[in-house]
Structure formats: structure tokens, C-alpha cells
Amino acid sequence: MTIRILDSNLVNQIAAGEVLERPSAAIKELVENAIDAGASRIDVAIEEGGKSFLSVTDDGFGMDKSELALAIERHATSKIPDNDLSNINSFGFRGEALPSIGAVARLTIISRAKSSPEAYKITVEGGEKSAISPAPLSRGTKVEVRDMFYATPARLKFLKASTTETGKIEDTIKHIAMSNPAISFTLKDEKKERLNYPQAPDLQTRFSDIMKEDISGNFATLATAGNGVEITGFASLPTYTRGNSLQQYLFVNGRPVKDRLLLGAIRGAYQGLIPSDRFPVVAIFIQMPASDVDVNVHPAKTEVRFKDSSIIRGLMVTAIRNALLDSHFKVAQTISEDALKSFRSSDLPSATTNKNAFNFQYSFWQSSSKKSTANTLFEARSAYVSEPAFTAESNPELPACEEEDFPPLGLARGQLHETYIVSQTKDGIVIVDQHAAHERLTYEKIKNAKGTAESQLLLTPEIVDLPEANAAGLLALKDELEKLGLVIDGFGEGAVAVRAVPAIIKDTDIKKLIEDLSDTIADFKGALSLENKIKDICAKMACHGSVRAGRRLNADEMNALLRQMEQTPNSGQCIHGRPTYIELKLKDIEKLFGRR
Ligand SMILES: Nc1ncnc2c1ncn2[C@@H]1O[C@H](COP(=O)(O)OP(=O)(O)OP(=O)(O)O)[C@@H](O)[C@H]1O
Ligand SMILES: [Mg+2]
């Protein structure tokens, strides 16, 4: 066996294998170089998903002739001047990106240093360097990459269809753009401009641009600091979720990172607020001393290692929880928008879209009034209107209210279908799903009692027969249940005796509750932590103890529910993550009726 030192092109190809998984990785490296060069504008162009061509043009400080010659050399970098790897404040630090690209593709760099009268060009094709020659470019740097991986056919085979690669490139640029609002970004392919983010004054504006909507209605703002770490950003309200975690953007000192630990912290922060198969949308920016985080742990620099990860994790959960608590009963604006859309797209014939329908109704009205049925119709209508429990005028329990006195969730004006509370707010109406809302209130009360839940002793214990395994599962959690106010004992094989129930759900059907609880417990998978088991148990109890849909409520009960919702954390969504209410603003209702 002969040991030999590999030639430099082979070394670069091997490095490229790690650094450049696909065209989007090359774009990431080049865009990061542009940011490190102080660019305020970065334009990216691609063809065939970046496979046949990609270019990144910036207006940064550029390179002079000698710097250009060095830039494509392996381990040549301008970014760690004091040789200190523990204090990196730039995206780049290895001097690997450009030589790696040059080893696997056809690379052309044209650059003009701010102080230089002209621009220069160099090319590298499969590791072969050209001479440096003058070239036209007014400022900054333009890097072009053709035929990605032509020199390493094995890697070429792994590339996906152009549309897939384009999607990955878009995602890469969105990530980088998110944490750099002061820089403008564009992306175009052979067909069209795909992204265009103009310079933005702040993160919120840039995030709104990327999300293609004003984020203020659907997101809570994070701001927490401690131990030299600062966490800012945006976390979606629990009623605004996605089916996967692709829209969870994380940044450490401006660097987009993927981090299982931090993703886990996000999941933890939302636990009990959203269904387990849904994912919040977040953009979280962690700022910390560069010396407390190691960025040199991943070939594509997408992962980092924290000196003390538990601090970051804890702060992140606190930041998200606090932000959601601050907007505690807020429901995502998109829900009202969807509601309004469904009104607009209703099948009802409208005067503008269906002239015949309008004529039909009009002639019906004419002919029926001729037959003087109008009065009958009117009487039938007024009988119907006065029949419900109460209205503002007909019910003395409901005070007339000055506009500014309206509490946030308004004053109850009535109950519809014995399920929905309709309330009037300062500038709109709110429709509450009474069961969903009450379930959240009950859940928070049971959960927060933390071992001191009040119990209601039963005069005679209730014996409930269960499948043997279910009874055993329930009894195994006897102590925990007791802390929640549910006192049970074994009662021979396959039965339990219930001695007391949580006072807050005292009117519930005990047998049903116990059967349901034991089923829930039997479904627990081994991996579930005790804390999560208890949350699930609380949720089950809350469901049993809550006002059912279909129960008539009086005005006091309705208003009490609304006031409690205003004071209870997370009351904008039920424990299954569905909204507990929707709000329609008067201005939107007016639009529906063509008043605006
Ligand atoms: N767009 C640019 N504008 C100005 N200088 C640049 C630009 N791109 C690269 N350079 C110079 O070329 C050098 C090499 O770039 P390269 O991306 O290969 O390495 P790096 O950025 O230093 O480290 P890393 O490999 O971690 O990205 C940089 O250190 C920088 O001095
Ligand atoms: Mg670089």
C-alpha cells in the first residue's frame, strides 16, 4: 500500500462533496460571500434550477487583482484576521467555498475593488485556473457558475428536476433574506422574476414580504433576553399552523441554522396549544456572543453548537410562551378572512353576478305583495325575531353600552343554535363556540391547580367497571390523578371506585369520564413524559366538564364566559388547536354589503 498526498484538485472535489450538495448550496455560499462583502443589493439568476447556470451579483466592496487570484485558492480567506476561530463574526471563515465550486463546475468571477479603476476576471474550470484579465463591471462582484458537477458526474446524478432545485434555491434565499432586511434580494430564472425583496426598514416588514401577507394579524412578537442572549422574532398564533415544519426559520447571530434542539423547544412551547400533527410558523433570531457558539461544526455551516444549550432552549420556550400569553385570546386573522371569503363565495345568487336570480326574487316580491301577503311575511318575521332568548332591546339584562366601554370580546347579544354566542364589540362582532371556549377555560383551571385542585367528595363512591388493563393503567396514575382532584381506588379486578372528582367538573357523567380517561391512558405510548400524560388527562377531563354545544345559556352566563376568556391564557384556541371564536370587523361586514 502506497500512501500519497492527494493532488489539490482532488482535495477540492472532496471538499465540494461536503460543502456543495446541490445548486442551492452554491447559491448559499455565494450570497453569504456577498453579505460578508457589505453588499446592499444581491441579485441571483438561475437556469434549469441552477444546474446549467447560476449567478450571484452584488454591490459589495469587491476584490482587486491580487485578491481575486487568492480567493480561488484553498484555505484562502480574508475573514479571520486574528486567527481566532472562537470569535467568528462573518458567514465565511474557511476559505473553501470558491475553490470547491471551481473544482466541480465552470466558475467565473468578475470583481472590482472599490479603490480599483477597473474590474478583473478569473475563471476556474474543473480545477483549471485561467490567467486574470480585465473585464467590464462597474462595481462589486459577479460570480457565474455553469454546468454544476460536470466534473463529478456521480454527484450530478443525484440532482432533482429543475423545479425541485429551483424550490430549494428559493427557500435558501428566503432564509438568508429573512435575517438581512437591509439588503435587497432578487431571484430570476429563465422564465420570470421569482423573488423580489426590496430593502426593508425592519425584520417585521421583511418577514411580511416573505410570507406575502401582513404578519401582524397572525403572529406574536418575541422579545426576551438573559445571560447575554437576546431572542427576538415572530411566532404564529396557535390558530395559524402548517402541516410541516418547513416554515420554521431559526437564526443564530444572523446565520440560518437547523437545530433539532431548538425545533424541539418550539414544539414544547406550543404543546397543549396546537394539535400534535400541526406546526407553528416562526422566525426566531438569537443574538449571542460569538464566543458562546461554535459555528464550525457542519460542512454546510447549517448547524451550530452552543456552549450552554439549556439556557438557549429555556429562553426560547419562555420567549414564545410569553409572546403567546401577551396575545392570549387573540385568534389568527386568517380565520376571520376565511370566514369572510366564504361569505363572499357563497352560492347565494347575487345581483351583480346573476341577473336572472335577482329578477326572479324581485318578481316574486312584486307578485307576492300584489297578493298582499307582505303583511303575513312581516308578521312571521317579527315573531321569529322576538322569539330568541333575548336581544339588546328586549332583554333588560343587557345594558346598552357606550362604544368605548365594550370589553375586547364584546357584550353577548344572543345565542344561536344553542352553540354559538354572538357578541358585539367596539368595531365588529364576535362569534364564540361555547363548548370550545369553555373547554379551554376548564383545561387551564385544572392544569394550573398544580396539585391543589379542589375535590368534590361523592356521597357514595361510584363503581366503574373497566377492561382489566384499563383499570390497572388508571390506578397506576392514582397519585397524579389525586393531585388533579380525582380520587380513585381499586375495587376488585377490572373495577375502580371513584371517591371524589375535581370540583370544577363535578356535574359530569362520572362513569363516562372514567371510561374515557382509562381509554386515553391505555393509548399512551411509552415515550410520553409524565407531564404530557397529565396534560392529556387534563384535556380529557376538560372536555367532559365543559358546557356542551346545545345548552342554552343566559346572558350572565354568556358574558361570564367572555370575561373569563379575556383573562385566560391561550383562550383563542381550544385544546385541539381549533379557534374558540372568530371576529368580523364592521368594516369588513360593510364591504360584504357593498357599503364601502
Ligand atoms: N462577493 C465577494 N466580494 C468580495 N470578496 C469576496 C467575495 N466572494 C469571495 N470573496 C473573497 O474571497 C475569499 C474566499 O471566499 P470563500 O467563499 O471561498 O471563502 P470564505 O468566505 O472566506 O470562507 P467559507 O469557505 O467559509 O465561505 C473571501 O474570504 C473573500 O475575501
Ligand atoms: Mg464564503
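Mentor: A pocket is an open set of points on a 1 Å grid over the protein atoms alone, where a 1.4 Å probe fits and protein lies on both sides within 12 Å along at least five of seven lines; its lining residues have an atom within 4 Å of a point. This is a predicted model: local features need pLDDT of at least 70, side-chain pairs 80 or more, totals use all residues, and side-chain values use heavy atoms without hydrogens or water. Residues are numbered from 1 along the chain, with chains lettered from A and ligands numbered from 1 as written.

Trainee: OK, what volume does the second largest pocket have?

Mentor: The second largest pocket holds about 800 Å³, where volume is the space filled by probe spheres set on the points, joined across faces, edges and corners.

Trainee: Which element gives the largest share?

Mentor: H6, with 6 residues of the lining of the second largest pocket.

Trainee: And the largest pocket, what is its volume?

Mentor: The volume of the largest pocket is about 970 Å³. Its lining has 33 residues, and those nearest the centre are Gln271, Gly272, Ile274, Ser276 and Asp536. Helix H8 (260–269), strand E15 (279–280), helix H9 (309–326), helix H16 (510–523) and helix H17 (530–545) supply at least two lining residues each.

Trainee: Back to H6. Where does Ser179 lie?

Mentor: Ser179 is in the loop that runs between helix H6 (162–178) and strand E8 (184–188).

Trainee: Is Ser179 buried or exposed?

Mentor: Ser179 counts as buried because its relative accessible area is 15%; the cut-offs are under 20% for buried and over 50% for exposed, with partly exposed in between (1.4 Å probe, protein chains only).

Trainee: What is Ser179 in contact with?

Mentor: Leu203, Phe251, Gly254 and Phe285 are in contact with Ser179, leaving aside neighbours within four places in sequence. Contact means heavy atoms within 4.5 Å.

Trainee: New topic: where is Pro238?

Mentor: Pro238 sits in the loop between strand E11 (229–236) and strand E12 (241–242). A relative accessible area of 6% is the reason why Pro238 is buried.

Trainee: Which residues does Pro238 touch?

Mentor: Not counting residues up to four places away in sequence, Pro238 touches Tyr270, Leu273, Ile274, Leu324, Gln573 and Gly577. Ile274 is also among the residues nearest the centre of the largest pocket. The C-alpha atoms of Pro238 and Asn218 are 9.0 Å apart, and these two residues are 20 residues apart along the chain.

Trainee: What about ligand 1, how far is its oxygen atom from the side chain of Thr77?

Mentor: An oxygen atom of ligand 1 is 2.5 Å from an N or O atom in the Thr77 side chain. For the side chain of Arg94, the distance from a ligand 1 oxygen atom to an N or O atom is 2.9 Å. A polar backbone atom of Leu98 is 2.9 Å from an oxygen atom of ligand 1.

Trainee: Last one: how many helices and strands does the chain have?

Mentor: The chain has 19 helices and 25 strands, and 47% of its 596 residues count as buried. Among contacts between residues at least 6 apart in sequence, 69% join residues at least 24 apart.

Conventions. Helices (H or I, at least four residues) and strands (E, at least two) are DSSP runs, numbered from the N terminus. A polar contact is a pair of N or O atoms within 3.5 Å; within protein, one must be able to donate a hydrogen and the other to accept it, and residues adjacent in sequence count only if both atoms are side-chain atoms.
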